[in-house]
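Try each task before you read its solution.

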Amino acid sequence: MMHRRMLLGGLAAAPLLGATTARAQAFPSRDLLGVIQWGAGGATDVTGRAVTPHVEAALGQKIVLQNRTGGTGAIGLTYVHGLPSDGYTLLYGAENPLLYKVLNISQLDYTNFTPICLLARSVPVIVANKDKPWNTLKELVDDMKRNPGRIRMASTGPGGQAHVVSTMIASTGAFRHISVPFDGEGPGLTALQGGHADWMTVGSGAVAEHVRAGRVKALAVFNETPLPSLPGVPPATADFPELARLMPWGSFYGVWAKKDIPDEAREKLVAAFRTGTANPQFTQLMTGNGNVVMNTSGAEAEAFLARWQSVTAWILQEAGAARTDPATLNIPRPS
Amino acid sequence: MGFFLLSWLDPSLLMLTAAGTLAGIYIGAIPGLSVTMAASILISFTFAWEVNAALALIAGVFTGGVYGGSRSAILLNIPGAPAAIASALDGYPLARRGEAGVAIGLSTVMSVLGGFIGVIALAVAAPVISEFALLFAPRDYLLLAVMGLLLVGTLSGESLAKGLFAGALGIALGMVGLDPMTAEGRFTLGTVQLMAGIPYVAAMIGFFGVSEALVQLHNLRVKPVKQDVSRIIPPWRLIRKYLPLSLRSSLIGVVIGALPGTGGDIAALMAYDQAKRTVKNPSRPFGEGAYEGLIAPESANNAAVGGAYVPMLTLGIPGDAVTAVILGALFIHGLKPGPMLMIETPHLFWFTVGNLALANIFLLVFGLTGIRAFAKLVECPPSVLIPLILVLSVVGTYSIQNSVVDVYFMLGFGIFGYLLKMYGFQVGPVILGMILGPMIDVSWRRAVISVGDDLGFLVEEAVASPLTMVLMAFMAFLLLSQVKWRALGRRLRS
Amino acid sequence: MHDQRRRREPGETLFGFVLLLMSLAVMAEGHRLRGFEEVSAPGITPLAAGVVMAISALVIILRTRTLVPTEAGFATRIAPRDIALSVLMIAIYMALLEPIGFHIATFAFLSALILYLRRGGPASPLRGLGFALLLALVSVVAVHVVFRMVFTVVLPQGWMLRSILPPGWLL
């Protein structure tokens, strides 16, 4: 009741206030809105919700989180882009928008945004059904070359981790396999354990426990060094040294704001997120689960994004999976 | 094992479970507010708490929320949650007859019964059930979805052609958005707004709630039916009579709930179908307020709660959207959800079992109180009730994914659903198609892609799998039982 | 067969053809998405659904033709004044949701519709107005508390208000 009266009062006084609203108090003077472009319970959601309380402490204001899902994240990104560039709206996203233009999903992508902080990245792990004969990545690849079109990989759709990693491995020597798209890493892992798929690539965070329990067999980590959370699993470069040029590669999670927000707001946000991400509780959570904490912003983050996009877009282009040629989008070839 | 009683004995956990259950009932009853949403808010909210407290609260909300959907389904014909769609089919006609009190009482008791079956299944057979769930290949999910779709036959009303049209329309509506397998837009007309698809909860609110509100505008001057609230708690005689049906439905609920990718909504619909096929002499014809048509889905959807916990606790695989959020919560609290959870932290398992059992007891208490006030709600004059239903539909739809576009669709569906009803269609098959369409689409394509588009190989694999053959035999039985043999014989003779 | 008991409602034949058109549109989308070409194409299910819709729509149209029409017209049977006006009000309400925000739009819609539907009732016009305004106000506050405050749903705030309200009012 109170609120209504105050709102109407505000309306009546509106003409007087119109001109003076531009100069607001120091940022942030009210709650922020954080839009998560993936669903509740997913890696982007969990990472975002885990870091936000620490950021709120550093920022001195609450961040109201909401999930806006769909279109591999394009819905949430488009929504944030439609709101004012005042720094009060944040996008909690993952790597997907870097491929929107190549896959013809949306014309808006991270070029319209500025990275506030890249929080963490996951390392892809190549896993197989536990009853399969392969024990190394090389054995799997050799088998696929011997039996083209017989071995089933669980994927998470075009541009997804499994699709890109298998394309990267195939760039060292072509093989043909069946790629069955599932609704995400969890459903893919389920199918793998049920024997409805033979192998797949999945983020370290999602798979570590399943490997530890011996329910799936880890063949390699898609990294140049082994992971502490998966002892004894060799890096993919052990069998295929030429993959090193593509690494580090994998899903990552971060926070973005619109490109043209005021500098003051950007600086405050970057500082708050860097403090929040450095919180030991958060870093322990991430590394314990096999993720790599990034905590990068500014030019360093821009460079990471540009390299990721270039490597991935061109791998897809070479495999014939890109729908728009990265050259026409001015995405440079990886050096 | 001692942890089973932890939340029963610790006063603060006891309170939290109770509060969660009570809140869950209302979250479930308000369309658009979902348990998934509540659970993910609770994660931020309980961030600093001890993990047991967070889990107790969420288990209560989950149990209450799945049940609460039936409240609005019975009273307003708006299923408050997807799991309550089947409950509207006979629950709302009961309220129109002045038996809202009886309907809510019956649905409460049967929900609790189903809930306990789910908890017992979780406690004694979780590892077995989860291994069984892993056996389901894409082709088996396809068969399950097609079986569910056979319900169109029983929901068609006056003509099968109209039922088929509505069902197929629902399937087409379920296809709107980015194709999950190729990321190509379907029916999106090139707009980003449509890429997220049309949430079937929006369609559900439009086709059920708004269209019924518009139909009721015809009876603006008719006095609402007096609700009989003299007997709320169903007599023991009635409970005993329906016990076998409730048990059958609960078993369906546990299994469907345990399958990753299917939840209480599909469980309830399949249980309704099962009831319609197996009950020879229902209290009234199905669709006109049969007690059996309410008991079956209500038992099944609460049994599915226990089922959904099965793969989550044993394998770290979510059984549905809510358990996916709970997995996230466990992770944020520093636990490592996965296959080792039950081996390394068995106390967490028994704590959850105890919690769910406790939540069901609170459900019985809270479910059976305040029914009179709820039933009286329907006695409000329609000139007041209908505008409020419309606003609730708008807010609820908007809240699903904070989208005004969904609200436009919801109203469009409401008007279209009104026309469908006026021209003798049933709207049930549309929602059925929307729920099962995406499952049929991806399961079929996944099954076909798995065999390299070689249909011969698909048949070979199906014949080699005992599970697939059992499902096929079951489906053949359902199809044959649907044919009206006697009528056919009569026609052949003449 | 069962249809014989019912009479043909006004507009029912036209409605049948609208349904047929919808079926064709669904089939066209299935065709665009290669439903005719591969058994695993994104268009396979839309195509199948479209075919079932088209066949059912044809059967529905043929059956409708055999029915005896009702005497009354569209405006009395399907869209009497109460329903037509209510639908119009809902449409305006939704169109205003984004420009003027949820709170004001809902308050205006609720009070207007309740007032309209209760017209000619036993209460005096002034008390009727008071009742409608009060109920609308209570409802808006209740929705705000449950959805905005408890469930942190950011209801449409109104872009027209954004320029006239002081900062801090809107999220």
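The exercises below concern a predicted model, and each one comes with a worked solution.

**Exercise 1. Describe the interface between chain C and chain B: its residues, its area and its polar links.**

Step 1: start with the residues. Chain C brings 67 residues to the contact and chain B brings 60 residues.

Step 2: turn to area. Chain C and chain B bury about 5400 Å² between them, and carbon and sulfur atoms give 77% of that area. Within the area that chain C buries against chain B, Phe15(C), Met94(C) and Phe151(C) supply 12%, more than any other three residues.

Step 3: look for polar links. The rule finds 11 residue pairs in polar contact across the interface of chain C and chain B, with both residues at pLDDT 80 or more. The number of salt bridges between chain C and chain B is two. In a salt bridge between Glu184(B) and Arg34(C), the N to O distance is 3.1 Å.

Step 4: Elements that give two or more residues to the side touching chain B are H1 (12–32), H2 (44–65), H3 (74–77), H4 (81–100), H5 (102–117) and H6 (125–150) of chain C. H2(C) provides the largest share of that side, with 11 residues. By class, the residues of the side of chain C that touches chain B are 44 nonpolar, 10 polar and 13 charged.

**Exercise 2. Find the two domains of chain A and characterise the contact between them.**

Step 1: Domain 1 of chain A covers 29–122 + 250–329, and domain 2 covers 124–246. Taken over C-alpha atoms, the centres of these two domains of chain A are separated by 26 Å.

Step 2: size up the contact. Domain 1 of chain A gives 18 residues and domain 2 of chain A gives 17 residues. The two domains of chain A bury about 1300 Å² between them, with 62% of it on carbon and sulfur atoms.

Step 3: check for polar links. The count of salt bridges between domain 1 and domain 2 of chain A is zero, while the rule finds two residue pairs in polar contact across this interface, both residues at pLDDT 80 or more.

Step 4: look at the domain 1 side. Strand E4 (113–122) and helix H11 (298–318) of chain A are the elements that give two or more residues to the side touching domain 2 of chain A. H11(A) gives the largest share, five residues. That side of domain 1 of chain A has seven nonpolar, eight polar and three charged residues.

**Exercise 3. Locate Thr70(C) and list its contacts beyond its sequence neighbours.**

Step 1: begin with the domains. Chain C is divided into domain 1 (2–77) and domain 2 (81–162), and the C-alpha centres of these domains of chain C lie 36 Å apart.

Step 2: Thr70(C) sits in the loop between H2 and H3 of chain C. Thr70(C) is buried because its relative accessibility, 17%, falls under 20%.

Step 3: list the partners. With neighbours within four places in sequence left aside, Thr70(C) is in contact with Arg7(C), Arg8(C), Glu9(C), Pro10(C) and Arg77(C).

**Exercise 4. Over all chains the structure holds 28 salt bridges; compare the surroundings of three of them.**

Step 1: Side chains of opposite charge can pair when their charged atoms come close.

Step 2: take Asp45(A) and Arg49(A), whose closest N and O atoms are 2.9 Å apart in a salt bridge. They lie four residues apart in helix H3 (residues 43–59) of chain A, separated by about one helical turn. Asp45(A) is buried at 3% relative accessible area, and Arg49(A) is buried at 5%.

Step 3: move to Asp143(A) and Arg146(A), a salt bridge with its closest N and O atoms 3.8 Å apart. Both residues lie in helix H5 (residues 137–146) of chain A, three residues apart. Here Asp143(A) is buried at 12%, whereas Arg146(A) is exposed at 59%.

Step 4: finish with Arg139(B) and Glu461(B), which meet in a salt bridge at 3.5 Å, N to O. This pair links distant parts of the chain, 322 residues apart: Arg139(B) is in helix H7 and Glu461(B) is in helix H21 of chain B. Arg139(B) counts as buried at 17% relative accessibility.

Key
Residues are numbered from 1 along each chain as its sequence is written. Chains are lettered from A and ligands numbered from 1 in the order in which they are written. This is a predicted model: local features need pLDDT of at least 70, side-chain atom pairs count only at pLDDT 80 or more; totals for chains, interfaces and linings use all residues. Side-chain values use heavy atoms; hydrogens and water are left out. Contact means heavy atoms within 4.5 Å. Buried area is the accessible area (1.4 Å probe) that two parts lose on being put together, summed over both. A salt bridge is a side-chain nitrogen of Lys or Arg within 4 Å of a carboxyl oxygen of Asp or Glu. A polar contact is a pair of N or O atoms within 3.5 Å; within protein, one must be able to donate a hydrogen and the other to accept it, and residues adjacent in sequence count only if both atoms are side-chain atoms. Ala, Val, Leu, Ile, Met, Phe, Trp, Tyr, Cys and Pro count as nonpolar, Asp, Glu, Lys and Arg as charged, and the others, Gly among them, as polar. Domain bounds come from an automatic or database domain assignment. Buried means under 20% relative accessible area, exposed over 50%, partly exposed in between (1.4 Å probe, protein chains only).
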